[in-house]
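Subject: Two-chain model for your review

Hello,

Here is the structure I said I would pass on. Please look through it when you have time; my notes follow below.

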Amino acid sequence: MKIEVRALSKYFGSVEAVSNVSFTVKEGELLGLLGPSGSGKTTVLRMIAGLESPSSGDIFIDHVRVNDLSVQQRNIGFVFQHYALFKHMTVADNVAFGLSIKKWAKREIHQRVADLLQLMGLPGLGGRYPHQLSGGQRQRVAIARALAPRPSVLLLDEPFGAVDAQVRQELREWLIRLHDELAVTSLFVTHDQEEAMEVSNRLIVFSKGRLEQIGSPAEVYEDPATEFVARFIGSMNIVEAEVKQGVAHVAGLEFPAPDFPDTQRIQIGFRPYYIKLSEDTTHFRLQARVRHVYFLGVAYRVEIETESGLILRSRMNKEEFRQCRFEVGQPVSYAITHFRILPQDHGTPSPAMGIPDSPLTP
Amino acid sequence: MSRHAITALALRSAAIGYVLCLILLPLTAIGFQSFEDGLTRFIDDIQQPQAKAALILTIEAALITTVINAVFGMLSAWVLVRYDFPGRAFLNALVDLPFAVPTLVAGIMIAALYGATSPIGAWLLKGGIEVLYNVPGIVLAMLFVTMPFTIRSLQPVLMELEQDQEEAAYTLGATPWQAFWRVTVPSVLPGLLTGIFLTFVRALGEFGSVVIVAGNIPLKTQVAAVYVYGEIESYNPQGATSVSVVVLIVSFLALMLLERLTRPPGERLPTLLTSIFSPQLLVLRSILKFNTPH
């Protein structure tokens, strides 16, 4: 266990920014803290770094309780969202800053800086100033500066938030490679679910200061523990249905829900690619009309309106789309092949109760 | 020539002509006038005991003013940017007051406060401290009129300096003291230097408030600007011009030094020669640019 956070809470005045959060980060892991802005993920990161002090709870780094250690004593590397490079120093001086504070010998500093610039793909740029670099280069200098004093953990706050989309993609792949090479335990904060899924070994989903779910990207995606996670990760159709004799009903749709008492209202979720469409209106039992077709590059999203007025999103790849060529206004038949019943109580992760495979249709 | 080129030419000519007429021509005029009767006459002029005393007093008082306003200006700018307290907006607005108040009025304000008839003035006098018609009065007047410079040049750079940079220094092991000296101070140095030099240059030329507060006592409280005024009044334009030129040269040197010191890092430093002649070179280059085809 490299980092352990136990029952961590943080109040800003009377506002609870972080509420009773516990998790561990394994040695060498690349873990993403994912959540919308204001969900408390950055505050958690800053508390681990020592830039913010917790209102209650404990933080351990390398099995040592660090609550009472100052940021300077925690031996962490921190990468700030807007780089926070020292503008009046050259790239080499920026990277060397931590080393000179720690009084490394000149020759060793020189060697370490040269090695890091090489590793970061920035050789020959040591003499430049931050304002002479591109956004992606600045971010890599910031990472090099944080890594220079050999921190025991690397903390990154929205590391790719301030660069443009294409550079962001390159930087992500680069960060994964870098992490594979250095195997330094890393924790990064992002609001971009795609980024979190792609980069992390495991991820933690936050909402309103609470920890919603911890798991591998696939687990979080396939098996969302809460309604929030289901909505936030990927795209999901969510409908509220009322249970009657073990079946949940909503607007003509029926979902088996044998474990629920009558009249209970439950949330049913299903991913867009679990809605199958057919241009043959007799192929599936349920009827709808195409409302909108979105071209997404690798796939198509077709928005349908059911007979009872429910609006659902379906997703299909290009081949599937090409076979049917749905047009706006066209009547279609559809089926929902998989669904899950979402946990009711917000914030208490319980095993998903959905029935993973329940064809409702012929 | 295209319409666009003509517009560009007209705009550039207007800008250069404006600067030439307003600044460069009078500068040249005063330069010619002071050296009209040769260099020896100029040196004689500024070596008059009164002239010499006035120049030395002016530079001394301006230097004292600069040091005091640098320290307290930095402090005030820091407090105004970093701390929130009741009355901050009011205090912030008050900082600009010296720009708005005519300097004569500033002088009268100081005279009213420290005059022998006011309680404070009387109390200080009893303790043997003479403020009016004395050097402290001159410094007080200069402090008042130059107060906004350091604060107003530092505020924007302090605001721009995200707290991130200090926090980044902490995460790299720096103590708050190390972060202040190695990160904060170098980052705000251009702003601080600008404030300091503008303060100095402005103090050098101060007339209105000083003449009220310190009077016109030759060899004691007569500053350069007041001396120049006196010489003009007593039909000695030559002497007035010579002392003016000295003040001008000191100011000019100070501004040049400032320009060199605040050049953004990573840009090539010009030689002393090019920096002396940079205004002229600029004009030359712009004129040459007219003739290059678009």
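Val95(B) counts as partly exposed, because 17 C-beta neighbours lie inside 10 Å of it, and a residue needs 20 or more to be called buried. Val95(B) belongs to helix 4 of chain B, which covers residues 88-95. Leaving aside residues up to four places away in sequence, Val95(B) touches Pro148(B), Ile151(B) and Arg152(B). Val157(B) lies 62 residues from Val95(B) along the chain, and 17 Å separates the C-alpha atoms of the two.

Bear in mind that this is a predicted model. Its scores are ipTM 0.79 and pTM 0.73.

Chain B

Chain B contains 15 helices and zero strands. It has 294 residues, of which 32% count as buried. Of the contacts in chain B with a separation of 6 or more, 74% are between residues 24 or more positions apart.

One helix pair in chain B can be described in some detail. Helix 9 (residues 163-171) of chain B packs against helix 10 (residues 176-204) of chain B at an angle of about 145 degrees, and the axes are 10 Å apart. The crossing of helix 9 of chain B with helix 10 of chain B is right-handed. On the helix 9 side, the residues in contact are Gln165(B), Glu166(B), Ala169(B) and Tyr170(B); helix 10 of chain B contributes Gln178(B), Ala179(B), Arg182(B), Val183(B), Thr184(B) and Ser187(B). By class, four residues of this contact are nonpolar, four are polar and two are charged.

As for confidence, the mean pLDDT of chain B is 85, with 89% of the residues scoring at least 70. The pLDDT is below 50 over residues 268-294 of chain B, a stretch that has 14 contacts in the model beyond near neighbours in sequence.

Chain A

In chain A, four strands make up an open antiparallel sheet in the order 2-1-4-5. Strand 2 (15-25) and strand 5 (64-65) of chain A are at the edges with a single partner strand each, so one side of each has no neighbour in the sheet. Strand 1 (residues 3-12) and strand 4 (residues 56-61) of chain A run antiparallel and are joined by five bridges. Val5(A) is opposite Ile59(A), which is in strand 4 of chain A. Helix 1 (residues 41-49) of chain A lies across strand 1, strand 2 and strand 4 of chain A, at about 115 degrees to strand 1.

Chain A has a mean pLDDT of 86, and 95% of its residues reach 70 or more. Over residues 347-362 of chain A, pLDDT stays under 50; the model has 30 contacts for these residues beyond four places in sequence.

Contact between the chains

Chain A puts 20 residues into the contact, and chain B puts in 17. Strand 6 (76-79) and helix 2 (91-101) of chain A each supply at least two residues of the side that touches chain B. That side of chain A consists of 12 nonpolar, six polar and two charged residues.

Regards

Notes
Residues are numbered from 1 along each chain as its sequence is written. Chains are lettered from A and ligands numbered from 1 in the order in which they are written. This is a predicted model: local features need pLDDT of at least 70, side-chain atom pairs count only at pLDDT 80 or more; totals for chains, interfaces and linings use all residues. Axes are lines fitted to C-alpha atoms, for helices over the stretch in contact, and angles run from 0 to 180 degrees between N-to-C directions. A crossing is left-handed if the near helix is turned anticlockwise from the far one by less than a right angle, and right-handed if clockwise. Two residues are in contact if their C-beta atoms, placed from the backbone, lie within 7 Å. Ala, Val, Leu, Ile, Met, Phe, Trp, Tyr, Cys and Pro count as nonpolar, Asp, Glu, Lys and Arg as charged, and the others, Gly among them, as polar. pLDDT is the predictor's confidence in each residue, from 0 to 100. A residue is buried if 20 or more other C-beta atoms lie within 10 Å of its own, exposed if 12 or fewer, and partly exposed in between; C-beta atoms are placed from the backbone. Two strands pair if DSSP finds at least two bridges between them.
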